[in-house]
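Dear colleague,

Please find the structure we discussed below, together with its sequence.

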Amino acid sequence: MGNMVLKDILSKALEMGGSDVFLIPGSPVMAKIRGRMEPITSERALPADSADLVQQTYELAGNRDIALIRENGDDDFSFSLERQARFRCNAYLQRGTLAASYRVVAFGLPDPASLSIPPMVMELTNNRNGMILVTGPAGSGKSTTLACMVDKMNSERSGHIITIEDPIEYLHSHKKSLVSQREIPNDSATFARALRAALRQAPDIIMLGEMRDNETMSTAITAAETGHLLLSSLHTVGAAKTIDRIIDTFPANQQAQVRIQLSMVLRAVVSQRLVPTVTGEQTPVFEVMTINSAVQNMIRDGKTHQIDNVIYGGSVGQSMMSMDNELFRLVKEGRITKETAVLYAANAEMLKKRL
């Protein structure tokens, strides 16, 4: 069987637009392309081929010691492929043979305009401190939106930006700011630990991949209170649900205090969802709630259910954006169908009437 060359395989996966590459003996090398598995090699990789390809991976990673797999059963590390891309590799033993999966980490940063991220979202980066949350279901593009915001601040401001991610999806070069990117669990064991350490690393801006637990949320609020700008994401849809979700992770006797803190530090909640267009693609739809004194009072007094009225209350004008208005706009522009708009609407009945 011919010699397989790892560089060629990874280059081909990149050309095909792959997000992950899988090397498992007994199967051709496969790439995940837009969610579907496609073969990259015409022949199946035999155990000898996969052992050879894993050996090549370790050479690419600066001659890392391959004995690490034999010792632990698996090994996690990253490497670059000649200016094309960076990969996170997890090499492991399966049925006594060597296997590996590779995650593509893009070098280039996405362009907010081509991704339909509204200027209002990008302008939130003008905040100097406090907390900005980007929320939405899994796979709705939250980390891409956060990467765009970090890049904008990196290009416009001088300071220290720390990102804490799992995994790192975009690489930020040092522009006007210095950027430290820490990956969980390789660089630090947990989000909470990395965030506590970040407070001692003199950052101006912290981008926290996600807030999974109470400890992380509590530390994040402290970070935002002490003059840092903190950006993070949650798997919630809508501003009111997001605020309730944070408060609910705290014990009942702390909730009143957390409401006060949150009302002071929160600057904006962005919610995004991907909706199918008439051409069969997907476009993101955004809702933006910026914090004014009315919203502050609602958070503090536990009246989050009234927040939607503020977002939809038309009077807010330039500083807020409601998802249903955005869906309405997309229907008017002929980009999505009325049925789709109603399906994704926060207030379906209202939107039906308007349409």
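**The six-stranded sheet**

Six strands make up an open sheet in the order β3-β2-β1-β6-β5-β4, and their pairing is antiparallel. β3 (36-39) and β4 (74-81) are the edge strands, each with a single partner, so one side of each has no neighbour in the sheet. On average, neighbouring strands of this sheet are turned by 25° against each other, direction ignored.

Please note that this is a predicted model, in which local features need pLDDT of at least 70 and side-chain atom pairs count only at pLDDT 80 or more, while totals for chains, interfaces and linings use all residues. Residues are numbered from 1 along each chain as its sequence is written, and side-chain values use heavy atoms, with hydrogens and water left out.

As to terms, helices (H or I, at least four residues) and strands (E, at least two) are DSSP runs numbered from the N terminus. Two strands pair if DSSP finds at least two bridges between them. Axes are lines fitted to C-alpha atoms, for helices over the stretch in contact, and angles run from 0 to 180 degrees between N-to-C directions.

**Strand β1 and its partners**

β1 pairs with β2 in the antiparallel sense over four bridges. These two strands form a hairpin with six residues between them, and Gly26 in the turn has a positive phi of about 95°. β1 is also joined to β6 by four bridges, again running antiparallel. Val21 has Ala31 as its bridge partner in β2 and stands opposite Tyr102 in β6. Asp20 stands opposite Arg103 in β6.

**Pockets and cavity**

The search used a 1 Å grid over the protein atoms alone: a cavity is a set of points where a 1.4 Å probe fits but cannot get out, a pocket is an open set with protein on both sides within 12 Å along at least five of seven lines, and lining residues have an atom within 4 Å of a point. A volume is the space filled by probe spheres set on the points, which are joined across faces, edges and corners. Ala, Val, Leu, Ile, Met, Phe, Trp, Tyr, Cys and Pro count as nonpolar, Asp, Glu, Lys and Arg as charged, and the others, Gly among them, as polar.

The largest pocket holds about 1400 Å³ of space. Its lining has 40 residues, and Gly141, Ser143, Thr144, Glu169 and Tyr170 lie nearest its centre. Elements giving two or more residues to this lining include β1, β2 and β6, while α5 gives the most, with five. By class, the lining of the largest pocket has 16 nonpolar, 16 polar and eight charged residues.

The second largest pocket holds about 220 Å³. Among its 15 lining residues, Val237, Gly238, Lys241, Asp308 and Ala346 are the closest to its centre. α8 gives the most to this lining, with three residues.

One cavity of 30 Å³ or more was found in the whole structure. The largest cavity has a volume of about 40 Å³, and its lining residues include Ser143, Glu169 and Tyr170.

**Helices α8 and α9**

α8 and α9 (residues 252-265) pack at an angle of about 135°, with their axes 9 Å apart. The two helices are therefore oblique to each other (angles under 35 degrees count as roughly parallel, over 145 as roughly antiparallel, 65 to 115 as roughly perpendicular and the rest as oblique).

With kind regards
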